[in-house]
Amino acid sequence: MVNKKMNQDLVDFLKDCGVCQICQLRYLKARGTEYQSIKQTFEKLNVKYERVDTNSSEESAVKKPRKDVCPTCLGLFSKEFQKYIIDGILKAEIENYDCRDVVVAISMPMMLQIRQLSMWYALLERFCPLIDMEKAPDVPLKEAVKLILNPILCKELQRNYEASGIIINVTLMHSEELDELAKLQKLHEKAFPRPPNNKRQDISRGLIEKQYIPKRLKGELFKQFFPVPPAVVTEPLNLKSIELLGPTIFIAGRYCKLTRELSHTPWILNGHRVMKDSIEEIIIRNVTPNLCNDQSKVIFMSSGREDVDVRCLGKGRPFVLEISNAFKTKLSTADAYHIECEIDKSKKISVRHLQIVKREELVHIKSGEEKKRKFYRALCVLQEPATLDILEKLNLPQGFEIKQKTPVRVLHRRPLHTRPRNVYSLKAWVYKENLNILVLDIVSQAGTYIKELVHGEFGRTVPSITSLIGRPIDIVALDVMAIDLDWPTPINNSHVED
């Protein structure tokens, strides 16, 4: 209501309809903290405040019967219902989560939207032309929940309201919802008839918000299906379910792969598992047990990957785990060190620098992926003994560019392309005890297929080591020695104070 002198008339009308004081304030367009002191807000708006005695005796209750459940919020803002929700949240074992931040998401029955529309029609009839036909006269229930319920819930739960915290999904229901929706479907078919060939349009919250306003739907037609103002009911909203969803955390580190018989991720071929274990699984099963309940939803990401038969040495390869619904958001140095030691026991990989990182830091894993430099050491074999000429041809500190087609061995998971790649430097060493054996130190652009760089794969990589020396050469073993990515921050978790 624009005119403050009309506020009292509005509140009197709402009281006659059985509307609770919180909802009266919604129709007075109260904002922010104005809901926290009802008496002061009423007085500021020139409205007579009447104290609602919720502790009245049975005798006084008989003498002065009160209305039943508020017809516009169905008891959503009552103290009894607030306690009902809080008890439900506590039963959902929120104390299992160490996160002190929460965000509350309340899903309400659609019949509440219809009741807001019904009251809108009632106010139009009573206070027209002061009520707008396009803009709802009340503070929306969703906004009111944020202004009223969320601060109360946070205070009772002793948590802070923060969007990145535990999501408390509260689903509400009402016994009359199905009957109300059946009437709404009939109203919709009459108010918004569809062309003969069009499919039936399902009623949704978005559809109600968009089409169910007095400007689009005549009040006379609405009243054929629903009472105006909305009828007072005896049964309040019921709690259908409460689900807790912990925050998503990210744990980063670096791993070294110490074996030539371990896949990066689970290796499934023709529906059958090829290897019993993988880097991903070893890390996840050791890191996550104390952090979440469902390991199947943990996402493993790394800065590139190595083949099954390739080791990763030096400082290791950066990786990160994305853990959703985490009930712990902290990883102590002692816990991190214990996890690192447990992973070491596998004797297949070693992990260091375990730590929790922020979501924004994940850009390091993918950003500039093809610009990173990687240092490889390859053990190669010649059909004939190496010569000084061969060593000179393979001593290329300035590097060179290659054109490389997607290797046949990875075509099942990578598209066929010819990619330019830079080999930044190349150095060859001969094994003195066997001159047929060369050790190649290669610094190349990320995304270079090193095995194909060596043997050329029948001319699919140009130039290759084979073409540079003019004779066949094959690769026996390959190690990743270093990855040019200084992330995550080095942490010595073994340094634990007693």
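Reader: Why does Asp-87 count as partly exposed?

Author: In this predicted model, the relative accessibility of Asp-87 is 29%. Buried would require a value under 20%, and exposed a value over 50%. The value for Asp-87 falls in between, so the residue is called partly exposed.

Reader: What makes Lys-83 exposed rather than buried?

Author: Lys-83 has a relative accessibility of 51%. Exposed applies to values over 50%, so Lys-83 belongs to that class.

Reader: How do you know that the side chains of Asp-87 and Lys-83 meet in a salt bridge?

Author: The N to O distance between the two side chains is 2.9 Å. The criterion asks for a side-chain nitrogen of Lys or Arg within 4 Å of a carboxyl oxygen of Asp or Glu, and therefore the pair qualifies. Side chains of opposite charge can pair when their charged atoms come close.

Reader: Why are Asp-87 and Lys-83 said to be separated by about one helical turn?

Author: Both residues belong to helix α5, and they are four residues apart in that helix, which means a separation of about one helical turn.

Reader: How is helix α5 placed relative to helix α7, and what is their angle called?

Author: The axes of α5 (residues 79-91) and α7 (residues 141-157) come within 11 Å and cross at roughly 50°. That angle makes α5 oblique to α7. As to handedness, the crossing of α5 and α7 is right-handed.

Reader: What makes the contact of Glu-281 with Arg-273 a salt bridge?

Author: The closest N and O atoms of Glu-281 and Arg-273 are 2.3 Å apart. The limit is 4 Å, so the contact counts as a salt bridge. Glu-281 is partly exposed at 23% relative accessible area, and Arg-273 is likewise partly exposed, at 37%.

Reader: How do you know that Glu-452 and Arg-409 meet in a salt bridge, and which parts of the chain does the pair link?

Author: Their side chains have an N to O distance of 2.7 Å, and this is within the 4 Å that the definition sets, so the term applies. The pair links distant parts of the chain, 43 residues apart: Glu-452 is in helix α15 (residues 450-455), whereas Arg-409 is in the loop between β12 (400-405) and β13 (418-431).

Reader: Which residues are linked with Glu-452 and Arg-409 in a network of salt bridges?

Author: The network also contains Asp-307, Asp-309 and Lys-451. By the same rule, the model has a count of 26 salt bridges.

Reader: Which residues form a nonpolar patch on the surface, and why can Val-274 be part of that patch?

Author: The patch consists of Trp-267, Leu-269 and Val-274, with about 260 Å² of accessible area together. Val-274 is placed in the loop between β7 (272-273) and α11 (279-287). Its relative accessible area is 39%, a partly exposed value.

Reader: Why is Lys-218 called exposed, and where does it lie?

Author: Lys-218 has a relative accessible area of 63%, over the 50% cut-off, and is therefore exposed. Lys-218 lies in the loop between α9 (205-211) and α10 (219-222). Its C-alpha atom is separated by 9.2 Å from that of Tyr-121, 97 residues apart along the chain.

Reader: Which omega value belongs to the cis peptide bond from Cys-128 to Pro-129, and which to that from Trp-487 to Pro-488?

Author: For the bond from Cys-128 to Pro-129, omega is near 10°; for the bond from Trp-487 to Pro-488, omega is near -5°. Pro-129 lies in the loop between α6 (111-127) and α7, and Pro-488 is in the segment after β16 (473-483).

Key:
Residues are numbered from 1 along each chain as its sequence is written. This is a predicted model: local features need pLDDT of at least 70, side-chain atom pairs count only at pLDDT 80 or more; totals for chains, interfaces and linings use all residues. Side-chain values use heavy atoms; hydrogens and water are left out. Patches are made of residues with over 30% relative accessible area and no salt bridge: like charges are joined within 9 Å, nonpolar side chains (Val, Leu, Ile, Met, Phe, Trp, Tyr) within 5 Å. Accessible areas come from the Shrake-Rupley method with a 1.4 Å probe; for residues, only the protein chains shown count as cover. Helices (H or I, at least four residues) and strands (E, at least two) are DSSP runs, numbered from the N terminus. Buried means under 20% relative accessible area, exposed over 50%, partly exposed in between (1.4 Å probe, protein chains only). Axes are lines fitted to C-alpha atoms, for helices over the stretch in contact, and angles run from 0 to 180 degrees between N-to-C directions. Angles under 35 degrees count as roughly parallel, over 145 as roughly antiparallel, 65 to 115 as roughly perpendicular and the rest as oblique. A crossing is left-handed if the near helix is turned anticlockwise from the far one by less than a right angle, and right-handed if clockwise.
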